Structures are given as structure tokens and as C-alpha cells.
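User: Could you walk me through how to read a few features in this one? I'd like the general idea and then the case at hand.

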Amino acid sequence: MAEAIGGRAALLDERGPLALTAPFLMALAPGERLHQQAAASRVDADGRHSQLVYLPLVPFGGEEATATVVLARDLTESVATQNLINATTYVAAFGMLVLIAGGLYRWLGRTLRPMRRAMDTLDRIGHGDFETDLQADSRVAEIARLQEVTRTMAGRLGHIVEIEEENARLAFRDALTDLPNRRLLLEHLEHAIHTVNRTRRHAALLLIDLDNFKTLNDTCGHSAGDRLLQALAQRFTARLRDQDIVARLGGDEFVALLEELSPDRSQAGADAQRIAGELLKAMREPVRIDDIEHVMSGSIGITLFPRGFDTPEELLKQADFAMYQAKQQGRNGVRFYDPAMQRTLLREAELERKLRRALQGEELVIHLQPQVDPEGRILGAEALMRWPQPDGSWISPGEFIPVAEHTGQILEVGRLALQQACHTLRAWQGRPVLDRLPISVNLSPHHLRQPRLMEEVTAILDETGAAAQRLHIEVTESVMADASQPLIANLEALRARGVALALDDFGTGYSSLGYLKRLPLDVLKIDRSFVQDIEHDADDANIVATIAAIAHNMGLSLIAEGVENEAQRDFLVRHGCHRFQGYLYHHAMPVADFEALVAAGTDAADHGTIDTQGEQE
Ligand code: C2E
Ligand code: CA
Ligand code: CA
């Protein structure tokens with residue numbers, strides 16, 4: 001039997017093997033009772049696989065088997081083959097799985113991409129971006145539908161939002177002119193009130209009212225009136241700076257809000273008035289409507305703020321009040337709400353007119369105030385403008401220089417001073433003592449920032465033939481507040497040309513030592529306010545001593561202005577200041593008097609004494 005199945009056989013009784021076809025393949029464990037098994041496959045400790053068939057031998061008439069034949073077949077080889085087959089199958093199956101998963105993943109990816117784009121679009125819609133180039137291009141019907149729906153939604157929402165925005169814009173705009181309306185103006189005003197309180201710069205509210213609009217509307221029709229208002233709206237906008245706002249309050253009332261005016265109130269007032277004048281001019285230019293030329297006129301009320309507890313409504317009321325007064329005055333009027341401002345500006349306007357004539361007629365003349373050493377010997381002079389009046393009085397520079405600064409006439413004043421100083425210097429050439437003396441000219445910071453300053457100075461030096469080395473220029477310390485590049489470049493160019501630079505009014509507050517180092521300077525001029533209190537005010541005395549030390553350390557020469565008595569002079573001398581200008585020595589005087597004084601001093605020096613005391617204007 002064993003042979004027939006290519007295996008082995010064993011005969012067992014309950015005590016163990018009785019006969020074996022050797023070698024039997026199984027290692028039987030002691031006491032192992034094989035016959036009790038029915039049929040089994042087993043794996044031996046050596047790893048061999050076998051299949052066993054148990055044939056119990058039951059004697060005739062008996063009930064129990066007394067022995068068992070075990071047929072065993074070695075399956076090790078076929079198990080190995082089976083294992084290989086199994087393993088290969090697993091690997092193949094796994095490979096298939098991986099391939100399927102990869103394919104599925106790619107397929108899903110491709111299918112989901114349109115979905116993701118749709119989701120992105122939805123996300124952008126959520127953020128208010130309704131632009132989309134989403135196409136219903138997915139091959140999956142459901143996703144294509146999602147794309148389609150998203151696209152439609154974006155389109156409709158975009159449209160709705162446009163309408164909303166347009167409505168919001170209309171709520172803040174005047175429909176006729178597209179200018180801000182009262183509501184938006186009030187918002188701007190509110191904001192401006194906060195800003196001026198923070199920056200200390202002024203702002204102005206101008207209320208503009210057309211004088212003869214009603215007549216035009218009645219005679220030429222509303223459509224003509226509308227077009228006129230549109231034309232004016234455009235002109236006003238064009239005349240103003242970008243940061244300014246023109247609004248229409250309705251009817252023929254416009255408002256301009258000017259921000260970022262000067263911190264100086266009267267300068268701000270002058271600027272607001274100038275701009276009001278320009279708006280009136282813009283109004284007066286003829287407007288052509290239906291082949292008819294219309295010439296308009298208007299009145300403007302101005303209120304400047306901050307004034308205290310400003311509210312938008314209050315400011316509008318003030319501007320309205322001022323505008324009403326302007327109308328009372330007649331056409332083309334401008335009026336300020338603030339009566340003091342109104343008076344100042346009227347006086348300034350008057351002065352400006354007079355000054356224009358005076359400048360044309362070169363009525364302004366320089367006087368010279370001597371600068372002296374401790375012994376009173378004259379070292380030079382400062383040119384100070386004088387404006388003589390027909391009645392023999394003269395208007396002080398303290399009055400007309402600020403006006404000239406406001407109106408820009410200061411450039412003319414400066415040029416006149418330069419011309420007269422250079423002319424004088426030229427006349428002094430070859431004359432004893434005089435030809436060594438420099439003249440200092442005051443130039444306004446505004447002048448010193450002019451891009452063509454050097455051209456102007458060079459031309460004057462050339463025309464007059466004065467030596468640049470004798471010309472000094474005084475720069476007030478306030479330039480430091482805005483020592484911009486063009487200004488510094490101008491100062492450097494002047495210095496390169498040989499003109500010496502003095503920093504005027506030094507100590508009054510603007511300069512940092514850093515600026516002092518950056519500016520090309522030769523002289524520091526101690527402001528007269530310090531000199532005045534030198535004897536009584538310990539702080540001022542300290543400041544003067546400090547300025548003297550700074551000048552010394554920076555290699556600058558030092559001069560004190562406003563020296564009125566000997567105590568002041570002595571203090572200054574003790575602290576290293578040896579040049580003075582002031583009433584202790586001389587007032588400013590006409591050029592001819594100065595020349596005579598120098599000549600007398602020279603004569604006096606020849607005789608060994610210098611007596612300049614008591615000589616005054
Ligand atoms: P500043 O440049 O500080 O000129 C000195 C001023 O002090 C002059 O006043 C002068 O007369 C006055 N002064 C001189 N000695 C004494 C003194 O002992 N005591 C007192 N209390 N004052 C004295 P002025 O001539 O009235 O000029 C005033 C200001 O006007 C000048 O101040 C200057 O800033 C400006 N200014 C004058 N002329 C011109 C000019 O041609 N161009 C420019 N841009 N400004 C000028
Ligand atoms: Ca000066
Ligand atoms: Ca001064």
C-alpha cells in the first residue's frame with residue numbers, strides 16, 4: 001500500500017510501532033499514540049510536511065482496534081511548491097492592488113481637480129472676488145453641474161454687489177456733479193478736525209455760493225443750470241490740490257475743505273484766502289452753454305480751524321455766516337468768520353498792494369548796521385531793509401517781511417537786498433577800510449530753497465562786479481526745521497562760490513547739533529533774546545556760554561546781536577564772543593552814513609582813539 005502511494009507505512013499497536021517500512025519519516029514522540037488519530041497532516045520538527053492516513057485494525061468479533069496502520073506520504077516538496085505558488089499569487093495580487101490603487105488615485109485626482117477649482121472659486125466669492133473663468137468641463141456630470149452652478153452664482157453675486165456699491169456711492173455723491181455730497185463732506189470734516197488737533201496744522205472750510213445762479217436757471221432753463229454746475233465742479237476740482245476736497249451741498253452751494261495748511265495761523269489764513277481767490281477766478285472764466293457765454297461770480301466764506309471745540313456742523317455754520325457777510329459786501333467777496341483774521345488779512349492785502357508798487361519802484365532800501373569788535377572797531381555790517389513812507393515815517397521790516405513771506409514777494413525783497421548790498425560792495429572797492437568790510441544779507445528760507453538761487457546770485461555778483469568773499473548771507477535758524485536737500489545744496493553752492501554763511505537767530509530752537517554739522521556754515525549769530533536777559537537770567541547766560549563753546553568747537557566764528565549795554569558785552573567777551581551788533585554801538589543807518597562813520601573811525605584810529613559811542617541813527 002505504501003509503495004502504491006509512494007510513501008511509507010507503519011504498523012502500530014498501542015505500545016508503539018510494531019513494524020515500519022524504514023525509514024519511517026516521522027519522528028514519533030515518546031508515547032505518541034498515532035492510532036488515535038483519524039487522518040492528519042503534520043509538520044515535524046525538521047520542517048517536513050507529511051500526510052497521514054490511519055487504518056485501524058479491528059479483530060473479527062472485536063470492537064476496538066488493536067493496531068493501526070499508518071500510511072504516510074511526504075508532502076514536503078509539494079508544500080514548497082504550493083508555498084511558492086501562494087507567494088507568487090500574493091505578490092501578484094498585491095501588485096495588482098497597488099496598480100489599481102494608483103490608477104484610482106489618479107482618476108480621483110483628475111476627477112476632483114475641477115471640484116477643487118470650483119471650491120476655490122467659492123472661497124474667492126466668499127472674499128468678495130467674483131471674477132472667474134470656471135468652465136463646466138468635468139466629465140463627471142455631477143461635478144460639471146457644480147461648476148456650472150458656481151459660475152452662475154459668481155456672475156449673479158458680482159452683479160448684485162456692483163449695484164450695491166453703486167448705491168453706496170450714490171449715497172455719498174452728488175448725482176449731478178459726482179462730487180462728494182453733504183454726508184461725505186461731514187465725514188471728511190470730522191476726520192479733518194481730528195487731524196488738525198493732532199498735527200497742529202490748520203485747515204480751512206470754504207463755502208462757495210454763486211451770486212447769479214438763480215437768474216441763469218430761470219432764464220436759460222434747468223438743463224443749462226445743470227451743465228454750468230458740472231463745469232464749475234470740474235474747474236474747482238482742477239484748481240485744488242489732491243488732498244483738498246470739493247463737495248456740493250445742493251443747489252448752487254459748493255464747499256472746499258483745505259487741509260494741511262500752515263501751522264502758522266496767519267499764514268494758513270493767507271493761503272486759504274489765496275485759494276479762495278483762485279476759485280473765484282475759476283468761476284469768472286466764461287462758461288459756454290448752448291452757444292451762450294455765461295460769466296459767473298460768487299462769494300466765499302471761510303472758517304479756519306482748529307478754533308477750539310469744533311464740530312462739522314459748527315464749522316459749516318461759521319463758513320455760512322462768513323459767506324453771508326461776503327455776499328453783503330457785494331460780488332466776488334471773500335470773508336473770514338474770525339473778525340481778527342479778517343482784519344489781519346485786510347491789512348495784509350492792503351500792505352501787499354502797496355509793497356508790490358514799492359518793489360516795482362525799488363522804494364525799499366537797505367540800511368547798514370555795523371558789526372564791531374570789543375573796541376568798537378567796525379568789522380562789517382548787516383543789511384536791513386527799510387521801507388520809507390512819503391510822510392517821512394517808515395514801515396518796519398517786522399511788519400512787511402511776514403506779509404512778503406505770505407505772498408511770495410519775499411523773493412523780490414531778497415533780490416533787492418542782494419542787489420543793493422553787492423552794488424555797495426562794488427562801490428567800496430579800492431576805498432580804504434571799506435573795501436575790507438563784508439555786508440550780510442538776510443535771505444528767507446523760501447528764497448534759499450529756490451532751485452535757481454545760484455543763477456540769481458551769480459548774475460547779481462557778475463552785474464555789480466562785487467567780490468563774493470565780501471558777501472555774507474544770513475540764514476535764519478528756522479530753516480533747520482526743514483533743511484531739505486535742495487536747501488543744503490544751495491548753501492553749499494553759495495559757499496563754494498565764496499559767500500560766507502551765518503546762522504541767524506541761533507538758539508531760538510530748531511537746530512540739533514546734527515543739523516549744525518550738516519550745514520556748511522561760517523558764523524553763528526546768537527539771537528538777541530538771549531543777549532537781552534544775559535545779566536538776569538541764569539538760563540540765558542548758560543545758553544550763551546554753551547553756544548560760545550559750540551561755535552568754538554566747530555570752528556565757527558561767533559557774533560552776538562542786540563547788544564544794548566556794557567554788562568551784556570562784558571559777559572559775552574568773558575565767554576569768548578568778540579563780535580557784536582547792537583544799539584550799544586550803532587543802529588542801522590543809511591549806506592552813506594555808514595561810509596561816513598567808517599571814514600570818521602579811521603580818522604579817529606589814526607589819532608589813536610575810537611569813539612563810536614552815542615552815534616546813532
Ligand atoms: P534780524 O535779522 O534779527 O535783524 C536784526 C534786527 O534787530 C533788526 O531789526 C535790527 O534793527 C534789530 N536790532 C539791532 N540791534 C538791536 C539792539 O541792540 N536791540 C534790539 N532790540 N534790536 C536790535 P529790523 O531791522 O527791524 O529787522 C527785523 C527783521 O526783519 C530782521 O531780523 C530780519 O529777520 C528781517 N529783515 C530785515 N531786512 C530783511 C531783508 O532784507 N530780508 C529778509 N529776508 N529779512 C529782513
Ligand atoms: Ca539777520
Ligand atoms: Ca537775528
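Analyst: We'll take a strand, then a ligand site, then a single glycine. This is a predicted model, where local features need pLDDT of at least 70, side-chain atom pairs count only at pLDDT 80 or more, and totals for chains, interfaces and linings use all residues. Residues are numbered from 1 along each chain, chains are lettered from A and ligands numbered from 1 in the order written, and side-chain values use heavy atoms, with hydrogens and water left out.

User: Is strand β11 buried or exposed?

Analyst: In a regular strand the side chains alternate between the two faces of the sheet. Buried means under 20% relative accessible area, exposed over 50%, and partly exposed in between (1.4 Å probe, protein chains only). Strands are DSSP E runs of at least two residues, and helices are H or I runs of at least four, numbered from the N terminus. For β11 (residues 298–305), 8 of its 8 residues are buried. One side carries G298, I300, I302 and L304, the other S299, G301, T303 and F305, and both faces are covered.

User: Which strands pair with β11?

Analyst: Two strands pair if DSSP finds at least two bridges between them. Strand β6 (residues 203–210) runs antiparallel to β11 over 8 bridges, with I208 opposite I300. Strand β12 (residues 334–336) is parallel to β11, with 3 bridges, and there F336 is the bridge partner of I302.

User: What surrounds ligand 1?

Analyst: A residue counts as near a molecule if one of its heavy atoms lies within 4 Å of it. Here 21 residues surround ligand 1, and the closest are Q369, R386, R528, E564 and Y583. β14 gives the most to this shell, with 4 residues.

User: Which polar contacts does ligand 1 make?

Analyst: For a ligand, a polar contact is a pair of N or O atoms within 3.5 Å. Among them, an oxygen of ligand 1 is 2.7 Å from a polar backbone atom of Y583. Ligand oxygen to side-chain N or O distances are 3.0 Å for D504 and 3.3 Å for E382. Taken alone, ligand 1 exposes 790 Å², and the protein buries 85% of that (Shrake-Rupley, 1.4 Å probe).

User: Why does G109 count as partly exposed?

Analyst: Because its relative accessibility is 24%. G109 sits in helix α1 (residues 76–126), and its C-alpha is 25 Å from that of E131, 22 residues apart along the chain.

How values were computed. A polar contact is a pair of N or O atoms within 3.5 Å; within protein, one must be able to donate a hydrogen and the other to accept it, and residues adjacent in sequence count only if both atoms are side-chain atoms.
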